Amino acid sequence: MKSHVQVAVIGGGVVGCSVLYHLTKLGCRDVALLERKELTAGSSWHAAGGFHALNSDPGISRLQAYTIKLYREIEAISGQNVGLHFTGGLSVAATRERWDFLRADWARHRVLGLKTELLSPAEVAKICPIMDTSEVLGAVFDPVEGHLDPSGATHAFAKAARLAGAEIYRNSRVIELKPTGRGSWMVVTEEGSLEAEHVVNAAGLWAREVGRMAGVELPLIPMEHHYLITEDIPEIVAAERELPLVLDLDAEIYLRQERKGVLLGVYEKEATPWSLNGTPWEFGPAELLAPQLDRLTDALAKGFHRFPSLNRAGLRRIVNGPFTFSPDGNPLVGPVPGLKNYWSACGVMAGFAQGGGVGLALAQWITAGEPDGDIYAMDLARFGPYATKTYAVARGREFYAKRFQIAYPNEYWPAGRPTKTSALYETLRAKNAVFGVSYGLEIPLYLAPAGQPAVEIPSLRRSNAFGQVAAECAVARNAVGVLDAASFSKYEISGPGAERALDRLLAGRLPALNRIRLTPMLAESGRLMGDLTTLRLGVDHFLVTGSGYLQTWHLRWFSSHLTGPGVTIRNVTDDLGGLAIFGPRSRDLLARVTNSDVSNAALPFMSVREMDVGFAPAIVARLSVTGELGYEIYVPLLELRTVYDNLEAAGRDLGLRDIGMYALNSLRLEKGFGIWTREFSRDYTAAMSGLSRFVAYDKGEFIGRRAALEERDRTPARRLVTLEVDALDADAAGYEPIWVGEELAGFVTSAGYGHTVQKSLAMGYVRSDLARGGTAVEITILGDRRAARVLDVPPVDPSGSRMRQ
Ligand SMILES: Cc1cc2nc3c(=O)[nH]c(=O)nc-3n(C[C@H](O)[C@H](O)[C@H](O)COP(=O)(O)OP(=O)(O)OC[C@H]3O[C@@H](n4cnc5c(N)ncnc54)[C@H](O)[C@@H]3O)c2cc1C
């Protein structure tokens, strides 16, 4: 065994081998993989080997498509047969709702470059003759889906890596990880030790154990999973071509051909977690769990109904094996917050569809400092300390059971809730608020009418929330609304080095004393890393605010980029309660609860003051996410409730009303204000997103300046625009294609109904030459094209006078 390597990858499943291969591919050849037993000795050996590119998250779809393309490459490099069967894959709909969902998905595939087709039931029957299509409405066909030999694929990655210089040590279980104090790790195995500058946890079923070796608890849970393999089926024996891979979403099964029979897998409703507290080291290498066929009866009945010949087929084999799930089913990838040079490549639920993409993203991150593009959907920093072991079990179970359910854009699943609640949670609940969840926190979406159930019905179209949200928007535009802003993150940056460090971190100019600035944050590549708001409370004292769900992500970035002597960073998100008030009467309301002067002269737009609000010491920031006169009020959490009560009492005759996040979304769309994850993400740059107007190119050095300067003098390929859409009863939801004739001209980032202007609105990126007011385009919504126009100014108050009044 070598005594020192640049990167040690722990785990020789498909994911670890893919990470190893990609490191070598990107030029990092001083790497070793440590495997407890034999390669594939975790979940990988018993996988069904299916792969598909389709995923409800576009970022994950992209990585899956990359993974599929990779198989020919590793086969050619390694000479190892991967057993590829490009049979094509069907995602089948048997309900009207599912068919709408699939047609919407199919439209999004145009944006992702996936060459899928919509098939009629007759076309489905032709390529899958064993399916009873009498209840089928149609299917999406993806020609590059199929299945492979899991062991062959894992070994192909490993051989290709070895040919490029990587070492693989089998029968070398890692038993301890010791930080050396120099940023590297001493990796202690049963066969000896080596020092590694970076450690990658790709330990699959044992990822929790390898996490604990470094003191972290990864939110993962293995779940039991069954598939059956049948004896030969006469229709298949007689068929001329191999069956496609089938995801029968309404029957909740997947199926593919295995020899002249089928392999049928089920995600049963009674999901069963395995080994709750840890995976035994003695499990495997080729061990399975006892089959529990009685648990599968309902799921199998649905499958046998759709594939009647299965009723007559004998069973050749039943497999029950465990594999890991994160709380939302997506992988946990990236640098582990709080640890130096410790990386996660865990929680990969579909290793043969995602392993290649995970390996690429992680290898880019290690070698270049950042992945190429937005991979937030699989970044482990999307979770925070609320994601405990118990939470992971509850959510993993739920995800498994709902694996094939429609992912409605307005649905928040119930497991693991409530976890975190604001001080106003019970108050808002008593007022009939409907809650969603963000970073474990219950957030008010809207207030249901009194006396009616506080339930939003999941829908791909406008939901029963519509009328209430319209009323909330009217209040915000005409009177004054109040929003619980507990979901905004707040960081206190202070100390003699704070100004210098923040100035380097942020691409914008820092605000003067008592002022506020919107300040984009860039990566070295010039890609967006954040859209933060900076409030200057003192010469060396700043409050930086952003999206609450990005706390782990922000803090991980701050820990390596907001550095220097004399800088103190404190996450005060959960210490400060927040209320946003907005609307033309919001100043009148504020004036009634404070003795300070809040006139326009004393507290102008984009300024901040510390003052008493009620009895509470408050930070009052005058800014606006809605385009109206507005304020954010931050007070110690324990005083939030009384400040809210003060506002409520003072605001009665001003028309004050509670507002939820849905109204906020509608109001910000009417102003053309982008938000993180949608309009702003690591996929975009300052110039593309329009955030370049907040970049101070001439202020001196800051992270990403060189890339930003290079980009400044070029026209970006795409630009962010706001559009009005001739929609019917459904607004766009995100990632729908934007067409000019038959040409794909761009895609939607977010959309909704503008209740003030009574129009369906969307924001999106279009080719730069089309980013002019009046350009006529079409947007595919739920499979049908709708006329739309690019707007040259936001539909509400284009001059911005209302928020400055
Ligand atoms: C029944 C079943 C069917 C499936 N079907 C499919 C499918 O059709 N398509 C698909 O994409 N996915 C499928 N999967 C999921 C797939 O198997 C997993 O996504 C994939 O195997 C995960 O790979 P991994 O490398 O992350 O983990 P693993 O395969 O678990 O590999 C982890 C490796 O790390 C090693 N290790 C652990 N701890 C240590 C240590 N301390 N020191 C050294 N080595 C260590 C282990 O021995 C093991 O070899 C299926 C899973 C099951 C159970």
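Predicted model: local features only at pLDDT ≥ 70, side-chain atom pairs only at ≥ 80, totals over all residues.
Visitor: Ligand first. How many residues surround the ligand?
Guide: 39 residues do. The closest are E35, S44, V348, G351 and F352.

Visitor: What does the side chain of E35 do there?
Guide: An N or O atom in the side chain of E35 is 2.7 Å from an oxygen atom of the ligand. For the side chain of S44, the distance to a ligand oxygen is 2.6 Å. G50 uses its backbone: an N or O atom there lies 2.9 Å from an oxygen atom of the ligand.

Visitor: How much of the ligand does the protein bury?
Guide: The protein buries 97% of the 1000 Å² that the ligand exposes when taken alone. Those areas come from the Shrake-Rupley method with a 1.4 Å probe; for residues, only the protein chains shown count as cover.

Visitor: Which elements give two or more residues to that shell?
Guide: They are α1 (14-25), β12 (221-230), β16 (315-325) and α9 (351-368). Helices (H or I, at least four residues) and strands (E, at least two) are DSSP runs, numbered from the N terminus.

Visitor: And by class, what is in the shell?
Guide: The shell has 22 nonpolar, 14 polar and three charged residues. Ala, Val, Leu, Ile, Met, Phe, Trp, Tyr, Cys and Pro count as nonpolar; Asp, Glu, Lys and Arg as charged; the others, Gly among them, as polar.

Visitor: New topic. Which residues touch the most other members of the largest nonpolar core?
Guide: V9, L23, Y71, V200, I493 and L502 do, in a core of 148 residues. Helix α9 gives the most to this core, with eight residues. A nonpolar core is a set of buried Ala, Val, Leu, Ile, Met, Phe, Trp, Tyr and Cys residues joined through side-chain atoms within 4.5 Å. Buried means under 20% relative accessible area, exposed over 50%, partly exposed in between (1.4 Å probe, protein chains only).

Visitor: What is Y71 in contact with?
Guide: Leaving aside neighbours within four places in sequence, Y71 is in contact with F51, V82, L84, L148, A153, F157, G351 and F352. Contact means heavy atoms within 4.5 Å.

Visitor: What about a second core?
Guide: A separate one has 38 residues, including V475, V608, I619 and L623.

Visitor: On to loops. Is A448 buried or exposed?
Guide: A448 counts as buried because its relative accessible area is 6%. Its loop runs between β20 (441-447) and α12 (466-478). A448 and A433 are 15 residues apart along the chain, and their C-alpha atoms are separated by 5.9 Å. Beyond four places in sequence, the contacts of A448 include K431, N432 and Q468.

Visitor: You mentioned N432. What is its phi?
Guide: Phi of N432 is near 75°, a positive value in a residue other than glycine. N432 is in the loop between α11 and β19 (433-438). N432 counts as buried because its relative accessibility is 14%.

Visitor: Where are the cis peptide bonds you know of?
Guide: One runs from G284 to P285, with omega near 5°. Another joins R417 and P418, where omega is about -10°. P285 lies in the loop between β15 (261-266) and α8 (297-306).

Visitor: Last one. What does the side chain of R527 make a polar contact with?
Guide: With the side chain of D372, at 2.7 Å. A polar contact is a pair of N or O atoms within 3.5 Å; within protein, one must be able to donate a hydrogen and the other to accept it, and residues adjacent in sequence count only if both atoms are side-chain atoms. R527 is in the loop between β23 (516-522) and β24 (528-538).

Terms used:
Residues numbered from 1 in each chain as written. Heavy atoms only, no water. Near = heavy atom within 4 Å.
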